[in-house]
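Reader: I'd like to learn how to read side-chain contacts and helix faces in a model. Can we go through one together?

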Amino acid sequence: QATALTAESLALFRMCGDTRGVGECLGNLGRLAFLRGENGEARTLFLSVIDVGAKLGDREMLCTWQPRLGLATLYAGDTSEARRLLLESLSFCREVQNSHLLSRACCYLAEFALWQQELEQAGEWLAQSLGHHAEPHHFTVLQIRRLHVAARLAAVCGSNTRAATLFGLVQAIRNRIGVELRGPMRSLEEAAMESMRARLDTSTFAAAFAAGQQLTLEEAFATILAPA
């Protein structure tokens, strides 16, 4: 339904000659492709909206969509370009002084650092993301990504019970807002789950996962920021 509505909006903005509206629609189609796990299609759409933002000289549009392009580029395996895009995005976000956009850029940099096995850096970026804009009473895709990074980071660091608890909360939020993980995020989660199950007995894993489903976001953020 969202895809159909966005495609209709795109056609209307093109008829009106509204370049900014066209760009926003392309970006939202990219987000939808990302949620479906179609990383290549998402990357193509994000490139298009970045081109629109650059032509308009619209820094906020670049802040909104370039971090997503950076993440799609990372998942495509181009880590050097992903790093450049994400760090440049962070600079743009600081320039426009938007705490929400800063928060998301830092979260994506945490994902990048974890991908690169830069574990301490991943934790620092995650803490910065929460520091800029935590929103502990909002259940969003960004919250899922933050918790996903935190859970995988905990698993890599050997804090398996903490990881299982955070994955439990991820599942609860996904159920609440109707998001099914696909593409790279699903593969990364499955790998982390397999690692945890190999290290924890079944009852311990189940108890930690169930406990996570009862956590509030505020409690989870305190857990993330606490020393391992």
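Reader: Which side chains does arginine 174 or glutamate 189 meet in a salt bridge?

Author: They meet each other: the side chains of arginine 174 and glutamate 189 form a salt bridge, 3.0 Å from N to O. The pair links distant parts of the chain, with arginine 174 in helix α9 (residues 160–177) and glutamate 189 in helix α10 (residues 184–199), 15 residues apart. Keep in mind that this is a predicted model.

Reader: Is that pair buried or exposed?

Author: Arginine 174 is buried, and glutamate 189 is too. Arginine 152 and glutamate 111 are also both buried; their side chains meet in a salt bridge of 2.6 Å, N to O. That one ties arginine 152 in helix α8 (residues 141–156) to glutamate 111 in helix α6, 41 residues apart.

Reader: How many salt bridges does the structure hold?

Author: There are 13. Some join up: Glu180, Arg182, Arg186 and Glu190 are linked in a network of salt bridges.

Reader: What about a pair inside one helix?

Author: Here's the general idea: an α-helix has 3.6 residues a turn, so residues three or four places apart point the same way. Now the case here: arginine 84 and glutamate 81 both lie in helix α5, 3 residues apart, about one turn of the helix. Their side chains meet in a salt bridge (2.8 Å, N to O). Arginine 84 is partly exposed, at 41% relative accessible area, and glutamate 81 is partly exposed at 26%.

Reader: Which residues of α5 are buried?

Author: Ala82, Leu85, Leu86, Ser89, Leu90, Phe92 and Cys93. These residues cover an arc of only 165° around the axis, which puts them on the same side of α5. Their cover includes α4, α6 (99–115) and α7 (119–132).

Reader: And how do I read aromatic pairs?

Author: In general, a pair of aromatic rings is described by the distance of the centres and the angle of the planes. This structure holds 5 aromatic pairs. Take phenylalanine 34 and tyrosine 75: the ring centres are 6.0 Å apart and the planes are at 55°, so the pair is tilted. Phenylalanine 34 sits in helix α2 (residues 19–35) and tyrosine 75 in helix α4 (residues 59–75), 41 residues apart. Both are buried. By contrast, phenylalanine 205 and phenylalanine 209 have centres 5.8 Å apart and planes at 25°, so that pair is stacked.

Reader: Which residues do ring pairs link into a cluster?

Author: Phe34, Phe46, Trp65, Tyr75 and Trp115.

Definitions and conventions: Residues numbered from 1 in each chain as written. Predicted model: local features only at pLDDT ≥ 70, side-chain atom pairs only at ≥ 80, totals over all residues. Heavy atoms only, no water. Phe/Tyr/Trp six-rings, centres within 6.5 Å; stacked < 30°, edge-to-face > 60°. Helix = DSSP H or I, 4+ residues; strand = E, 2+ residues; numbered from the N terminus. Buried < 20%, exposed > 50% of the residue type's maximum accessible area, 1.4 Å probe, protein only. Arc of directions from axis to C-beta. Contact = heavy atoms within 4.5 Å. Salt bridge = Lys/Arg side-chain N within 4 Å of Asp/Glu carboxyl O.
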